[in-house]
Amino acid sequence: MTEMIEDTIQEMTIEWATYLLDEPDVTLEDNFVDCGGHSILALRMNRLAKEQWGTEYNLAVLLESDLAAAADDLASRLAR
């Protein structure tokens, strides 16, 4: 996996979280739930990832960790 793709996944994760959470100041260090996310919004994040990358976020990582970890996990799924 190239660093460029990992960077793109991180950028898209922030873009989608910003859009879905209606929170303009979301960063990779933020937790999805702490920013107002919930299971339905997480499923919408997964749908966006599936449409773009053909794979989904690990919901446990997305809901329990920061967005950087969720993006890194998604990138590792693409590398498989």
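Is R47 buried, exposed or partly exposed? R47 counts as partly exposed because its relative accessible area is 46% (buried means under 20%, exposed over 50%, and partly exposed in between, using a 1.4 Å probe and protein chains only). Keep in mind that this is a predicted model, where local features need pLDDT of at least 70, side-chain atom pairs count only at pLDDT 80 or more, and totals for chains, interfaces and linings use all residues. Residues are numbered from 1 along each chain as its sequence is written, and side-chain values use heavy atoms, with hydrogens and water left out.

View 1. Helices (H or I, at least four residues) and strands (E, at least two) are DSSP runs, numbered from the N terminus.

**View 2. R47 and E51 on helix α2.** Here the two side chains pair up in a salt bridge, 3.6 Å from N to O (a side-chain nitrogen of Lys or Arg within 4 Å of a carboxyl oxygen of Asp or Glu). Both residues belong to α2 and are four residues apart, about one turn of the helix. An α-helix has 3.6 residues a turn, so residues three or four places apart point the same way. E51 counts as exposed because its relative accessibility is 59%.

**View 3. N46, tucked into helix α2.** With 4% relative accessibility, N46 counts as buried. A polar atom of the N46 side chain lies 2.6 Å from the backbone nitrogen of Y57. Leaving aside neighbours within four places in sequence, N46 is in contact (heavy atoms within 4.5 Å) with E56, Y57 and L59.

**View 4. R77 and D73 on helix α4.** A search of the whole structure finds two salt bridges, and R77 forms one with D73, the closest N and O atoms being 2.9 Å apart. R77 is partly exposed at 26% relative accessibility, whereas D73, at 17%, counts as buried.

**View 5. Helix α4 and its cover.** The buried residues of α4 include L67, A68, L74 and A75. What covers them includes α1 (3-21), α2 (39-53) and α3 (59-64). At 1.5 Å a residue, the 13 residues of α4 (67-79) should span 18 Å, and the end C-alpha atoms are 19 Å apart, which agrees; the expected span is 1.5 Å times one less than the number of residues.

Definitions and conventions. A polar contact is a pair of N or O atoms within 3.5 Å; within protein, one must be able to donate a hydrogen and the other to accept it, and residues adjacent in sequence count only if both atoms are side-chain atoms.
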